Structure formats: structure tokens, C-alpha cells
Amino acid sequence: IYFRPEYGYSSLDYKLFRDKEIDEFQSVVLRNSGSDFGITMFRDAFAQNVVKNQMDIDYLEYQPTAVFINGEYWGIMNIREKISEHYIENNHKDVDSDSVNLVGDQNSGLVGSNADYVDMRDFIVENDMSNQNNYEYIKTKMDIDNYIDYQIAEIYGGNIDWPGGNIKFWRKISPDGLWRWILFDVDQTYNIYEDFG
């Protein structure tokens, strides 16, 4: 759901999520739990909550809700934060939405440019990371602790829909901006297909 002036409002001014202090949204997602629809309907939210306040990972908050469209009941869905430059600004007070590079699957630039990421990736591929100087250089390009926590969260949850897809990462456009990873779309975690039996 996008809020635009031509629809009447440019943002939703409301605190949707109890555990985040954000009270203005340019967009939100109504999600039916993806692959987990019809099973637990909260597996993605559960996987996000496992890391919340425990690890240095950008995660998506959620709020279950009953959805009515034009008075007709459409079922239970989860209100979720939408990954965008506004999500990053809302969750990182030192970052302006106009100064963000946001990259997705296959290193495609979603907002801004992916050039800095491609340069970093090429450096890693072309250089020996066991060389301390090379490793120290990469520490100036990516948030190593965030990347480790992100890998732990995906592996611990046993996400079978990753790493081939569902990857988003970002950096603040500044000399000290570091690439950080966002945990999202983790509904195929925690042994999902065993639950079908």
C-alpha cells in the first residue's frame, strides 16, 4: 500500500508497530504469509522476532490484522514494513532516504546505484581474503558483524528459499557508509514443509 498525495495522503501518520518508535509510513505491505499461508501464517514474523533485539540485523516488524476491503472480509494478513529508502531512514536515524543505495537479488539496484557493491564484490573475488590488508580494506566497505549475524539467522532458520533469492542490502552514501543486510521473506524457514504432513 503506497500513500501518495493524489490519493489524499502522502504518508500514514500512525504508530503501527508496538516495538518500533516509527509513526510515519510512506508505504506498508499487507502480506498473507507467503509460502506459510494456510500453515502457521506467522513463520516469517517468528523468524524476524528470533533476531529482534538479539542480533545486529535489519528486520521487518509485523502486526497481524483482519482485512476488510469495501466491507468484505478478506482474512487475516500481516501488516509489514516495506523495504525502501524510507524503511532505512525510519530505522536508522542517521541516514536520509535521499542518500541510500539499496540493492536486491542479482545485485540489481533498487534505489541509487549498485556500483560500489559490485566493486566490493569484485575485490573479494579477485583478492585473497586471508591477507590481513585485504580483509581490513573490506571492513571499510561492509559491516562485517551485520553480515555474520545475517548469515547466522538465515542458516539457523534453515531458509530453503535463500541464498539464490530474497536478498536485500544497503549502504548510506557517504565515505564511511557500510553495506548492511536486511532479513526478509523468511517464510520458508524452520522446517516449513514438514508441517504439510
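Student: Okay, where is Tyr 190 found?

Tutor: Keep in mind that this is a predicted model. Tyr 190 is not a glycine, yet its phi is positive, about 50 degrees. Its relative accessibility is 25%, so Tyr 190 counts as partly exposed. As for its place, Tyr 190 is found in the segment after strand 7.

Student: Which loop does Met 41 lie in?

Tutor: Most residues other than glycine have a negative phi, and most peptide bonds are trans. Met 41 is not a glycine but has a positive phi of about 65 degrees. With 24% relative accessibility, Met 41 counts as partly exposed. The place you want is the loop between strand 1 and helix 1.

Student: Let's move to the rings. Why is the pair of Tyr 117 and Phe 169 tilted?

Tutor: There are 11 aromatic pairs in the count. In this one the ring centres of Tyr 117 and Phe 169 are 4.4 Å apart. Planes under 30 degrees apart count as stacked and those over 60 as edge-to-face. The planes here are at 45 degrees, so the pair is tilted.

Student: How many residues apart in sequence are the parts that Tyr 117 and Phe 169 tie together?

Tutor: Tyr 117 and Phe 169 are both buried. Tyr 117 is in helix 3, residues 115-126, while Phe 169 is in strand 6, residues 168-172. So this pair ties together parts whose separation in sequence is 52 residues.

Student: What about Phe 169 and Trp 179: what angle lies between the planes?

Tutor: Phe 169 is buried at 2% relative accessibility, and Trp 179 is buried at 0%. From centre to centre the rings of Phe 169 and Trp 179 are 5.7 Å apart. The pair is edge-to-face, and the angle between its planes is 75 degrees.

Student: Now the largest pocket. Which helix gives the most to its lining?

Tutor: The largest pocket holds about 290 Å³ of space. Its lining has 19 residues, and the closest to the centre are Tyr 117, Tyr 147, Ile 167, Phe 169 and Trp 181. Helix 3 and helix 5 are the elements that give two or more residues to the lining. With four residues, the top contributor is helix 3.

Student: What is the volume of the largest cavity?

Tutor: The count gives one cavity of 30 Å³ or more. Among the residues lining the largest cavity are Phe 25, Glu 81, His 86 and Asn 90. Helix 2, residues 85-91, supplies the largest share of that lining, three residues. The volume of the largest cavity is about 70 Å³.

Student: Last one: is Ile 22 buried or exposed?

Tutor: Ile 22 sits in the segment before strand 1. Beyond its neighbours within four places in sequence, Ile 22 is in contact with residues including Tyr 14, Leu 16, Glu 81 and Asn 91. Ile 22 and Asn 91 are 69 residues apart in sequence, but 7.8 Å apart in space, C-alpha to C-alpha. The relative accessibility of Ile 22 is 5%, so Ile 22 counts as buried.

Technical notes: Residues are numbered from 1 along each chain as its sequence is written. This is a predicted model: local features need pLDDT of at least 70, side-chain atom pairs count only at pLDDT 80 or more; totals for chains, interfaces and linings use all residues. Side-chain values use heavy atoms; hydrogens and water are left out. Rings of Phe, Tyr and Trp (its six-membered ring) pair if their centres lie within 6.5 Å; planes under 30 degrees apart count as stacked, over 60 as edge-to-face and the rest as tilted. Buried means under 20% relative accessible area, exposed over 50%, partly exposed in between (1.4 Å probe, protein chains only). On a 1 Å grid over the protein atoms alone, a cavity is a set of points where a 1.4 Å probe fits but cannot get out, and a pocket is an open set with protein on both sides within 12 Å along at least five of seven lines; lining residues have an atom within 4 Å of a point. Grid points are joined across faces, edges and corners, and a volume is the space filled by probe spheres set on the points. Contact means heavy atoms within 4.5 Å.
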